[in-house]
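This briefing covers a few local features of the structure below, grouped by topic.

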2 protein chains.
Amino acid sequence: MSDDLQLPTEDQRAPQTAPPRIGVVGAGQLARMMLGPAIELDLPLTVLASDPAESAAVVAGSVRTGRHDEESAVRALATEVDVLTFDHEHVPTAFLERLVTDGDVQVRPGPGALVHAQDKLVMRRHLSELGHPCPRWWHVKDIADLEQALRENSGPVVVKTPRGGYDGHGVRIIERAEDAADWLEQHGELLAEQKVAFTRELSAQVARRPGGQTTTYPVVQSVQRDGVCYEVVAPAPDLDEAAQQRIQGLAAAIAADLGVTGMLAVELFETADGTVLVNELAMRPHNTGHWSMDGAVTGQFEQHLRAVADLPLGAPDLLAPSVVMVNLLGGDASELAPGARAAMEADPGIKVHLYGKSVRPGRKLGHVTVVGEDPVQLLARAHRAEKLIVDGPESPDAAGSPMGADTSGGRPSPDRPDAPEETP
Amino acid sequence: MSDDLQLPTEDQRAPQTAPPRIGVVGAGQLARMMLGPAIELDLPLTVLASDPAESAAVVAGSVRTGRHDEESAVRALATEVDVLTFDHEHVPTAFLERLVTDGDVQVRPGPGALVHAQDKLVMRRHLSELGHPCPRWWHVKDIADLEQALRENSGPVVVKTPRGGYDGHGVRIIERAEDAADWLEQHGELLAEQKVAFTRELSAQVARRPGGQTTTYPVVQSVQRDGVCYEVVAPAPDLDEAAQQRIQGLAAAIAADLGVTGMLAVELFETADGTVLVNELAMRPHNTGHWSMDGAVTGQFEQHLRAVADLPLGAPDLLAPSVVMVNLLGGDASELAPGARAAMEADPGIKVHLYGKSVRPGRKLGHVTVVGEDPVQLLARAHRAEKLIVDGPESPDAAGSPMGADTSGGRPSPDRPDAPEETP
């Protein structure tokens, strides 16, 4: 290509008059929760669903059926929209690179950014090169590498498959190299990481437009259960203003360094001395940002749409001193409607979000949020609603329990030694 | 029917496990704004649209095509859902009465309640019987009745067609009986009302479940422009707590007296001595409640769905000391997207809602809301956004105007002698 024939960069394109048509690859609950804001902003949105029964597909006005890992299906969606974005990270990078080369659709985030949320080895290598704080890590290509990591770490290491993990899948804590031999054979290479002795987990969310405009949300505290996001408090309690700004700055720097478009979630470990280390990245609305739907001026789903549509970003300000979110993970109840009714009866201030998914133990089926003053009380209210909904109004824990008596309340302590990634 | 064969009342029915399927007759912006909350609460919702291009029909996941004034179309929707509710008041009462008699679907609000929002003569007669405060009014059956009304009123009277009016249509202010002769011939009977010398207009919204549970929203102040709702401030400024409670009590009493299910809006005139008089009723989410989407714990669209689905009602509390809403009424711009972009750029705190409708002068195309502290400043911000969106970013009024300089600001003064009904 001659120097005179360069493609225009995004910033050089003239602003479009009509709102861009957005295609979302994947039809899980994240795509579903984009629908309301897309309707309000009048942004045409089509979801690509593997199955018409998927969470977003059953309610969306525009659905195309096809798999995210079939290039023809992704391409078919791309021909119908102006911007392609994602419900999850599992679209093969090569498909997206070819779409970018063809130039008929905007891919946001682009594959060069997205790969850092898809491939943990790429993420660790690049963040380390950039000087962003990471746990100590090893690129493991054979058993000898793994033995060396265990030796250098003087204790158990966390082993992760570079691609395809989610919600605790693809993560093991091992003390002997043989315990990951099967994965090495299967994946060819692995990421090993120091097991961080963290005091709590934080998450920093940031939205970034193609031209670089960036907005950071308040840093939140998150608690995982069995590798799945369970509880979030916004803003993170006992985080001083300087630490908050430092972490927001880190998230914004990562978004800029990696060229992210859309929402970026940076999950972090906080250690006893206040140091933070990057755990995982997600380039889409993230479970640790669900609180913002009810608790911020601009919710993360609206913000993601604004960012990928290259619209000016909205204010991320809290609508109350504290906002909490608790996930509804499949429990004893086979249907959520009776418990949801009971939860609404017990607490008119609770916001209930249901994803329309069939119940399986531990599955993410919805979430509740509460806005107010005191995070301890808000958590108690959210957990009471959670128990009513996932275990049913007849369950012994839920029935007639006074507010908060059935929850731990207070600032939650992580009860797991490691917190692997979580995705929808 | 024998005494032993009574149909169960709604309260005697066993609570359903599955969430009820909801059918909305009409597919305007009110149906559209129900979609987001229906998705989040996982309430299946189908809209009945006359035309697939209507505001809600272009984005809903489930659409049936048919007219609200064709009984077969309304019946076809009724066979697919458990609860029927409404985007507007224009479904013939007789259709609904027959559906209730057949008993296969819940009609909420029921026809016996809804008729008070459909027929202004029925409304005035019943509210007067119940002792609720109304302007002085006359049932006009011929020219002599109208002459008598003019005589008794010693000045101009407001003449309204009993059915079918909206947004200033079906309302005239007359000084001579001949000026309504055509309407008398056309409609057979008319409502004549005293022209109230009001100081401002208020609106009180209340939600009511089938069993009687009732929740009242803060009383708001509204301003009409050319008979169309234009601007709302929540809560109404300078309304003391006693007056607020008195008006909320009035709205709740009307909801109970008329047996309303769903949202009820009571539009009121406030006079110089603090008296309030009922102007109009609407039994659905109402323009004067749009602020609640962004400014209350439970927005009116979610609340309406909860009420008609017989779910416990949500908290109506404000999320900020003040919330304002300004309608986007068709102006100079032929498309709203450029101005919406400019408005978002100018003010990240603005919430923009677009209804996906083609632009016509004065048509309701969307609304903006802003939450914060000071209603004067919030109104200035909302009007700046409004002008950018409806007149376009290039318009002389909008371009580069400093915040609030292009608006009247402050507590708005109604600039019209009367404020007829407004519907979507």
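A:E280 is buried, with a relative accessible area of 5%; buried means under 20%, exposed over 50% and partly exposed in between (1.4 Å probe, protein chains only). The model is predicted: local features need pLDDT of at least 70, side-chain atom pairs count only at pLDDT 80 or more, and totals for chains, interfaces and linings use all residues. Residues are numbered from 1 along each chain as its sequence is written, chains are lettered from A and ligands numbered from 1 in the order in which they are written, and side-chain values use heavy atoms, with hydrogens and water left out.

**Annotated positions in chain A**

- A:E280 is found in strand β15 of chain A; strands (E, at least two residues) and helices (H or I, at least four) are DSSP runs, numbered from the N terminus.
- The side chain of A:E280 makes a polar contact with the side chain of A:K160 at 2.8 Å. A polar contact is a pair of N or O atoms within 3.5 Å; within protein, one must be able to donate a hydrogen and the other to accept it, and residues adjacent in sequence count only if both atoms are side-chain atoms.
- A:N279 also lies in β15 (residues 276-282) of chain A and is buried, with a relative accessible area of 0%.
- The side chain of A:N279 makes a polar contact with that of A:K160 at 3.4 Å.
- An unreviewed UniProt entry places the feature "binding site" at positions including A:K160, A:N279 and A:E280; such annotations may be inferred rather than shown by experiment, and positions are given in the numbering used here, with feature names shortened.

- A:V233, in strand β13 (residues 228-234) of chain A, is buried at 2% relative accessibility.
- Beyond its neighbours within four places in sequence, A:V233 is in contact (heavy atoms within 4.5 Å) with residues including A:V220, A:S322, A:V324 and A:L379.

**Open sheet in chain B**

- Four strands of chain B form an open antiparallel sheet in the order β6-β9-β7-β8; two strands pair if DSSP finds at least two bridges between them.
- β6 (137-140) and β8 (171-174) of chain B stand at the edges with a single partner strand each, so one side of each lacks a neighbour in the sheet.
- Four bridges join β7 (residues 157-160) of chain B to β9 (residues 190-194) of chain B, and B:A192 in β9(B) is the bridge partner of B:V159.
- Helix α5 (residues 120-130) of chain B lies across β6, β7 and β9 of chain B, at about 135° to β6(B); axes are lines fitted to C-alpha atoms, for helices over the stretch in contact, and angles run from 0 to 180 degrees between N-to-C directions.
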